[in-house]
Structures are given as C-alpha cells and as structure tokens.
Amino acid sequence: RDAFESADKSGDGKLSLTELQEGCRTDDMKAWLSANELDASDISGVFYLLDVGRRGWLSFDEFVTGVMRLRGGAKQVDMVSL
C-alpha cells in the first residue's frame, strides 16, 4: 500500500498513468514491482492491462488485483494481452 500511496501524488486514492509512470522512478515502486515479477520498463502497457474499467485511473484494489494477475513478468503480460 505504501508504494501505491507514495505514487498517488494527488491523494485521491487513484493512480493515473502519469502518477504511475512517475511512481515507477521511486525505489519503493521499483522494489514492489520487482518483488511481484513485473518490469517497470513497460509500465504504460501494464497500466492499460490493469485499467479494466477503462476509466484512465486505477484504484488500489484494481492495482493490486491486476498486479497479482500479471505476476510472472513479460510472458504473463504477453499472454494477458492476447
């Protein structure tokens, strides 16, 4: 939750793509993504996969649930994209 909240610069409980991209520059977010076997280098693609509601932002639950679904790196992200 700390990584999400530190990336949520507006404090509205939602992560925009810009907030997530900026958040991925922090050690906390990089470490959290790495621990969940995701690469921050394609965070835009990951964001669009996580934004299942197509609202342009991610709630905390949507973020965590989506990351858990995508665990396993590029192979899993590629499979979900298909």
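**Entry 1. Overall composition**

I began with burial: of the 82 residues of the protein, 35% count as buried. I took buried as under 20% relative accessible area, exposed as over 50%, and partly exposed as in between, with a 1.4 Å probe and protein chains only. I note that this is a predicted model, in which local features need pLDDT of at least 70 and side-chain atom pairs count only at pLDDT 80 or more, while totals for chains, interfaces and linings use all residues. Residues are numbered from 1 along each chain as its sequence is written, and side-chain values use heavy atoms, with hydrogens and water left out.

I then looked up the surface. The protein exposes about 4900 Å², of which carbon and sulfur atoms supply 50%. These areas come from the Shrake-Rupley method with a 1.4 Å probe; for residues, only the protein chains shown count as cover.

**Entry 2. Secondary structure and contacts**

I recorded six helices and two strands, in the order α-β-α-α-α-β-α-α along the sequence. Both are DSSP runs numbered from the N terminus: helices are H or I with at least four residues, strands E with at least two.

I also checked contacts, meaning heavy atoms within 4.5 Å. Among those between residues at least 6 apart in sequence, 51% join residues at least 24 apart.

**Entry 3. Salt bridges**

How many salt bridges does the structure hold? I found two, a salt bridge being a side-chain nitrogen of Lys or Arg within 4 Å of a carboxyl oxygen of Asp or Glu.

One joins Glu-5 to Arg-1, with the closest N and O atoms 3.1 Å apart. Glu-5 is partly exposed at 45% relative accessibility, and Arg-1 is exposed at 54%.

The other joins Arg-55 to Glu-62, with 2.6 Å between the closest N and O atoms. Here Arg-55 is partly exposed at 41%, whereas Glu-62 is buried at 12%.

I next examined Glu-19, which lies in helix 2 (residues 17-23). Glu-19 is buried and has no salt bridge; Lys-9, the nearest side chain of opposite charge, is 8.4 Å away. For charge, Lys and Arg count as positive and Asp and Glu as negative, with His and the chain ends not counted. The Glu-19 side chain does reach the backbone nitrogen of Ser-10 at 3.0 Å. Leaving aside neighbours within four places in sequence, Glu-19 is in contact with Ala-7, Asp-8, Lys-9, Ser-10 and Lys-14.

I then turned to Asp-51, in the loop between helix 4 (43-50) and strand 2 (57-59). Asp-51 is likewise buried without a salt bridge, and its nearest side chain of opposite charge, Arg-55, is 4.7 Å away. The Asp-51 side chain reaches the backbone nitrogen of Arg-55 at 3.2 Å. Not counting residues up to four places away in sequence, Asp-51 touches Gly-56, Trp-57, Leu-58 and Glu-62.

Which residues of helix 4 are buried? I listed Ile-43, Val-46, Phe-47, Leu-49 and Leu-50. They lie on the same side of helix 4, because they cover an arc of only 165° around the axis. The arc is that of the directions from the helix axis to the C-beta atoms.

In helix 5 (residues 60-70), the buried residues are Phe-60, Glu-62, Phe-63, Gly-66, Val-67 and Leu-70. Seen down the axis, the buried residues of helix 5 fall within an arc of 165°, so they line one face of the helix. Asp-61 and Thr-65, on the other side of helix 5, are exposed.

Methods: Polar contact = N/O pair within 3.5 Å; in protein donor to acceptor, adjacent residues only side chain to side chain.
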